[in-house]
Amino acid sequence: MTAQPLVSVIVPVYNAESYLDRCMKSLLEQTLSNIEIILIDDGSSDGSGVICERYARQDSRISVFHQPNSGVAAARQRGVDMAQGLFSIHVDPDDWVELTMLDELYAKAIECQADVVICNFVAVYPKKNKLSIQRLGDDLSPKACLNNLLQNKMHGSLCTKLIRTELYRKFDIRFVEGLNYCEDYLVCAKLFLQNIKVAYHDKALYYYDQIVNNNSITRIYTVETLYQRLRFIDELRKVVEGVECVGMADAITSVAIECYKRRALSARQFAEIFAPYKEEFMRSNYKYKYKMVLRMAASGYQTLARMIS
């Protein structure tokens, strides 16, 4: 009888042929060997599916599932549904990880009897990398973690979080179908509403590539992708409805200001679309808020500046 994998690694793959090998190399050379790697080929139109199958033939720890293109949320969900590991983690195909990542996070989970272990990451840019540290403080209660998430003190990616796999099933936590922006952020928020134990491993183990995949929805700002962000806000409202948390206003304001900074909208469009969120803007302590108010006012958008001041 095959032993249960200690960790399931879920990799949603879409048109990743130019960088998938780099990701897979970092996973196959992990110092923790009792793992499974689940590759979800989400309808790739390049050679990604062939590459996935080649790896599966080379290593019995790898499973490949092909599906029509359904978006990253559906791909992540299928990976979770297939996961057999005691713990699981998501790794995006354009990124890579330290060779000791799974070993270290699993050891921390066992040491602390934790359900979730959070680590830091490195954002990789063309000229200089940036170390991103999760600013969690001493309180690692689920409520504190939720507020840290909403206030951008914690990154919302699942790629920096080792999660006890049974939590998805125990609490019926699923990805929102069709939401392909911050889909993992929502899952984190749902997790932190539960009575779970969280641990923090203060080390950067994940490398988040900001160079190779410039077509990612997280880096494109158009009116079309804006509506994915608005849907994310509405889904987040549902998740935290009735829950006392100080960061909801900051989460909404950060999305709005980012859209404005990227000029995805005219001042009029911005004001019309975000008018229903005026109260959140007014309550927000988001760190860039007042800088943006001054910039908008200086640009002649006094009405808009007043709206979020």
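**Exercise 1. Leaving aside neighbours within four places in sequence, which residues is C112 in contact with?**

Solution. Before starting, note that this is a predicted model, in which local features need pLDDT of at least 70 and side-chain atom pairs count only at pLDDT 80 or more, while totals for chains, interfaces and linings use all residues. Residues are numbered from 1 along each chain as its sequence is written, and side-chain values use heavy atoms, with hydrogens and water left out.

Step 1: look for contacts, meaning heavy atoms within 4.5 Å, and, once the neighbours within four places are set aside, K197 and A199 are found in contact with C112.
Step 2: compare sequence with space, where C112 and K197 are 85 residues apart along the chain and their C-alpha atoms are 8.5 Å apart.

**Exercise 2. Describe the chain as a whole.**

Solution. Step 1: the chain holds 13 helices and nine strands.
Step 1: of its 309 residues, 55% count as buried, where buried means under 20% relative accessible area, exposed means over 50%, and partly exposed lies in between (1.4 Å probe, protein chains only).
Step 2: of the contacts between residues at least 6 apart in sequence, 78% join residues at least 24 apart.

**Exercise 3. Work out how the buried residues of helix 1 and helix 2 are arranged.**

Solution. Step 1: helix 1, residues 20-28, has L20, C23, M24, S26 and L27 as buried residues. Seen down the axis of helix 1, these residues fall within an arc of 160°, so they line one face of the helix; the arc is that of the directions from the helix axis to the C-beta atoms.
Step 1: the partners of this buried set are strand 1 (7-13), strand 2 (35-42), helix 2 (48-58), strand 3 (62-67) and strand 5 (96-97).
Step 2: take S26 as one of the set, which counts as buried because its relative accessibility is 7%, and which, apart from neighbours within four places, is in contact with W96, V97 and L99.
Step 3: in helix 2 the buried residues are S48, G49, I51, C52 and Y55. They cover an arc of only 160° around the axis, and therefore sit on the same side of helix 2.
Step 4: the face of helix 2 turned away from that buried side carries the exposed residues V50, R57 and Q58, whereas the buried residues of helix 2 pack against strand 1, helix 1, strand 2 and strand 3.

**Exercise 4. Is N120 buried or exposed, and what does its side chain reach?**

Solution. Step 1: N120 is placed in strand 6, residues 116-124.
Step 1: its relative accessibility is 2%, so N120 counts as buried.
Step 2: the side chain of N120 reaches the backbone nitrogen of Q134 at 3.0 Å; a polar contact is a pair of N or O atoms within 3.5 Å, of which, within protein, one must be able to donate a hydrogen and the other to accept it, and residues adjacent in sequence count only if both atoms are side-chain atoms.
Step 3: beyond four places in sequence, N120 is in contact with residues including S132, T160, Y200 and Y206.

Conventions
Helix = DSSP H or I, 4+ residues; strand = E, 2+ residues; numbered from the N terminus.
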